[in-house]
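Subject: Structure handover

Hello,

Here is the structure we spoke about. Please open it first, then read my notes below.

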Amino acid sequence: MDEKCLRIAGVKAEEILDCRGNPTVRTTVTLEGGITASASVPSGASTGSHEAAELRDGDENRYGGLGVLQAVENVNSKIAPVILGVCSCDQTRIDSLMIALDGTKNRSKLGANATLSVSLAVCAAAARGKREPLYRYLGGTFTDVLPIPMMNLINGGAHAGNNLDVQEFMLVPIGAPTFADALRCGAETAHSLKKILKEQGHSTAVGDEGGFAPNLENDEEAISLLLRAAEINGYRPGKDVAVSLDVAASAWVRKNSYVQTKSKQKFTKSALAEHYRKLTSEFPILSIEDGMGEDDREGWRILSEKVGKSCLLVGDDLFVTNPDRIREGAAANALLVKPNQIGTLTETVEAIRLARQRGMKIILSHRSGETEDATLADLAVGLGADFIKSGAPIRGERTAKYNRLLSIERELFRPEYGSFFS
Ligand code: 2PG
Ligand code: MG
């Protein structure tokens, strides 16, 4: 290993809270010489059944069973002794050591929340050791592309108590010249949307990801409202802005059909695909995420035949950032990347590489239960993501990532604003 690489001198995890008030793991890694960096792990609500295991204590007397003291203990007394003294830049080795120590297929022994917090904190500390911002440490000298934000302005599904079955209606500023312009478009549209909802007597309460959670007639109404709010600010549908949906349809799967959780409306696979086709012919829809269930290969094939040419079909629960599941192949043409679905940075990078080789687009994603940790922004730039999903540009745990991207953009293109180390 590079002799300038600093060795790991300390690893310490603790239990903190995520934005939903549930416990999660934060790990701080210290390098020889005293450099430190921390990383906190997010948590999902609509989780795919093939995700790596998130270790929860199950002690009903603490946080309703959601405590993570065991995962914290695993970091402090099992993982730490194994990686102390290893060069911090040897990410693959550190991740492999944790994978071997766990020994299970889905991280159920140590917990993916334990391993990921270490994996990300090691990487952040190594970057600091090299005196490089994390995105550049990951991406190299020529890293200079910012992801386009997919901003979730209307929440439904498992993320909100309203009547909408589709989990996310996202605004995507496809025509914005800079990330800062894209973010402004999202914030302006969100404010106009709030006004429209108020005028129409709808609730302006927000869901888990900061988007509004009104009761609406149907998907068409939600999309129309979103686009109208954008238009008020001069953003042209189809030119400046498009819409992305996360249906999270795994939650609707029945035997050979789909039943929406809230409306109880029933669809055959073809009827559901036809519903999406209609939406894409009526509105500028850039992408549909988890339009079919996580194990419904046939449904995905039908969906791809109907709309795969005009629309990005994004696999979230379908792939769960798992290289093996990507290798199995599926009729999706974009990968949603959530590092905590797989448990280490090395495997996350492998998933991205495989998807790229298959010509797929890459979307880095937060979870609905987030923290103020902004590592995701650096990952998105450093790993060359096409898009980033970090919820609405509202609420601190969401804006932490968007604000970090603003800083990265300034650092890359407006050095007069000062740099990471100033
Ligand atoms: C998703 C995510 C993030 P959760 O389904 O894409 O938006 O939700 O973290 O609840 O799985
Ligand atoms: Mg999803």
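**Charges and overall build**

The protein chain carries 50 positive and 55 negative charges, and their mean positions lie 1 Å apart. Lys and Arg count as positive, Asp and Glu as negative; His and the chain ends are not counted. Each charge is placed at NZ of Lys, CZ of Arg, CG of Asp or CD of Glu.

Some ground rules. This is a predicted model, where local features need pLDDT of at least 70, side-chain atom pairs count only at pLDDT 80 or more, and totals for chains, interfaces and linings use all residues. Residues are numbered from 1 along each chain as its sequence is written, chains are lettered from A and ligands numbered from 1 in the order in which they are written, and side-chain values use heavy atoms, with hydrogens and water left out.

The protein chain has twelve helices and 13 strands. These are DSSP runs, numbered from the N terminus (helices: H or I, at least four residues; strands: E, at least two). The radius of gyration is 21 Å, close to the 22 Å from the globule rule for 422 residues, so the chain is as compact as a globular protein of that length. That radius is taken over C-alpha atoms, and the rule is 2.2 Å times the number of residues to the power 0.38. The C-alpha trace spans about 60 × 55 × 45 Å along its principal axes.

Of the 422 residues, 56% count as buried. Buried means under 20% relative accessible area, exposed over 50%, partly exposed in between (1.4 Å probe, protein chains only).

Asp 246 is buried at 1% relative accessibility. Glu 289 is buried too, at 2%.

**Gly 207**

Gly 207 lies in the loop between helix H5 (179-199) and helix H6 (219-232). Gly 207 is buried, with a relative accessible area of 4%. Beyond its neighbours within four places in sequence, Gly 207 is in contact (heavy atoms within 4.5 Å) with Asn 155, His 159, Ala 160, Ala 213 and Arg 395.

Best wishes
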